[in-house]
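Here is a short briefing to read alongside the model.

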Amino acid sequence: MNLEQYLASRRELVDKALDDMLPGEDNEPAILHKAMRYSIFAGGKRIRPALAMASAEAVGGKPAEILPLAVALECIHTYSLVHDDLPAMDNDDLRRGKPTAHKVFGEAVAILAGDALLTFGLGVLSLPNVARMYRLDRLVPVIHELSVAAGSTRLIAGQVMDIVFEGKEVTPEIVGSIMANKTGALIRASLVCGAMLAGGDSEEVGILGRFGELLGTVFQIRDDLLDIEGDPAKLGKAVGKDNTRGKATFARVVGTEKTIEMMQTLTTSALETIEPLGKRVEPLIAVGKYIGIRTS
Ligand code: GRG
C-alpha cells in the first residue's frame, strides 16, 4: 500500500470533520474560536486519528464511522501541544511550522484555547447528534478511556514527570514511564477507542491496546531522536531543546545508538503483537513501520 496516499486521504477526512464540528471562528468569543482553529489547522500529521481509523478497520469497521472519535483525539492532542508550548512549560515559539498560539494570541487566550480544545474533545462524542450514531455500551467506555488517557494519572502525569525530572539523574525505567504516559496514553487510547467504537471484541481491543503501548514509546523515542538529528524545516519546530533543558530521554541515559536499537526492537514487538488479527491490519503495519522512521 502507498502510505503517503493513505495518510493524506485520512488527513483529508479528519480535517473536513474538524472543520464541520468545531465552532466557527465568528462564534463569540471569536478570539477564542479563532485561536482553537488556528492551532488545529496549523498543520499536524493527524497520526492519532489515522491510528484510530486503522484500528477500527482492523476489527472490521469503516473509518468514516468513527470520525467524531478522530475529532476528539485531535482536539485533545492539540490542546496538549498548545499548553506544552507555553512559557511556563517548554516555552516554544514555533509549532507545526507556525508561531505558537501564545505568540499569536497571547498567553491567556492560548491557555483558554487549550482548555476549550480539551473540553470540546472530551464532549464531542456525547453531543446528541453524535451519540445517537453509536451503541451506548460502546460509547461510554470509549469516553471513559479518553478521559483517563488525558487525565492526571496518564497524559498530565507524564507531563508533570517530564518537568519534574528536567536536569535530574534518571533511570531507563523513569524515562519509559514518562514516555508511556506523556505520549503513549493518547496513542494507546486512539487504538483502543477506534477498535471499541467499531465493535471489536475484548481480545481484539486488548491486542490493539498492547500494540498502542509499544507504538507510543516508539513514537516518543523517534520524537527525541528528531530533536537531536532532525531538520527544523521539516519538523516545523526548533530542535536541540531536550539537551539544553536536560530532558529525561533514553539518548541521555543510554546513548543514541542503544536508543535506536531499542526503538527497532519495540517496533518489531509491536508489529508481532498484531499478527493474530490477520489481513485487516495492513494499514496499521504500514503506519507502525513509519512511526520509527518518520522525519516530521
Ligand atoms: C495541563 C497545563 C497543562 C498542560 C498539559 C499534557 C500536556 C500539557 C502536554 C502533553 C505532553 C506532550 C506535548 C507530549 C508530546 C507528544 C508528542 C510527541 C507530540 C508531537 O506529536 P505529533 O508529532 O505532532 O503527532 P503533530 O503536530 O504532527 O500533530
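Leaving aside neighbours within four places in sequence, Arg252 is in contact (heavy atoms within 4.5 Å) with Gly167, Lys168, Glu169, Gly246 and Lys247. This is a predicted model, in which local features need pLDDT of at least 70, side-chain atom pairs count only at pLDDT 80 or more, and totals for chains, interfaces and linings use all residues. Residues are numbered from 1 along each chain as its sequence is written, and side-chain values use heavy atoms, with hydrogens and water left out.

**Arg252**

- Arg252 sits in helix α14, residues 250–254; helices here are DSSP runs of H or I with at least four residues, strands are runs of E with at least two, and both are numbered from the N terminus.
- Arg252 counts as partly exposed because its relative accessibility is 38%; the scale calls a residue buried under 20% relative accessible area, exposed over 50% and partly exposed in between, using a 1.4 Å probe and protein chains only.
- A polar atom of the Arg252 side chain lies 2.4 Å from the backbone oxygen of Lys168, and the backbone oxygen of Gly246 is 2.6 Å from a polar atom of that side chain.
- Between the C-alpha atoms of Arg252 and Gly44 there are 27 Å, with the two residues 208 apart along the chain.

- Arg46 belongs to the loop between α2 (30–40) and α3, and it counts as buried because its relative accessibility is 3%.
- The side chains of Arg46 and Asp15 are joined by a polar contact of 2.7 Å; such a contact is a pair of N or O atoms within 3.5 Å, where within protein one must be able to donate a hydrogen and the other to accept it, and residues adjacent in sequence count only if both atoms are side-chain atoms.
- The Arg46 side chain also has a polar atom 3.1 Å from the backbone oxygen of Gly43.
- Not counting residues up to four places away in sequence, Arg46 touches Arg11, Val14, Asp15, Leu18, Ile40, Phe41, Glu74 and Arg96.
- Which residues come nearest to the ligand? Of the 19 around it (a heavy atom within 4 Å), they are Lys45, Arg48, His77, Arg96 and Leu155.
- A side-chain N or O atom of Lys45 is 2.5 Å from an oxygen atom of the ligand; for Arg48 the distance from such an atom to a ligand oxygen is 2.7 Å, and for Arg96 it is 2.7 Å.

- Ser55, in helix α3, counts as buried because its relative accessibility is 0%.
- At 2.7 Å, the side chain of Ser55 reaches the backbone oxygen of Leu191.
- Not counting residues up to four places away in sequence, Ser55 touches Leu191, Gly194, Ala195, Leu208 and Leu284.
- Helix α16 (residues 282–291) is mostly covered, with seven of its 10 residues buried: Pro283, Leu284, Ala286, Val287, Gly288, Tyr290 and Ile291.
- Those buried residues of α16 pack against α1 (3–21), α3, α10, α11 and α15 (256–273).

**Pocket and cavity**

- The largest pocket holds about 1,100 Å³ of space. Of its 48 lining residues, Leu81, Asp84, Arg95, Asp223 and Lys237 are the closest to its centre.
- On a 1 Å grid over the protein atoms alone, a pocket is an open set of points with protein on both sides within 12 Å along at least five of seven lines, a cavity is a set where a 1.4 Å probe fits but cannot get out, and lining residues have an atom within 4 Å of a point.
- Grid points are joined across faces, edges and corners, and a volume is the space filled by probe spheres set on the points.
- With seven residues, α4 gives the most to the pocket lining.
- By class, the pocket lining has 15 nonpolar, 11 polar and 22 charged residues; Ala, Val, Leu, Ile, Met, Phe, Trp, Tyr, Cys and Pro count as nonpolar, Asp, Glu, Lys and Arg as charged, and the others, Gly among them, as polar.
- The structure holds one cavity of 30 Å³ or more, and the largest cavity has a volume of about 100 Å³.
- Among the 13 residues lining the largest cavity, Ser39, Val82, Asp85, Arg95 and Ala101 lie nearest its centre.
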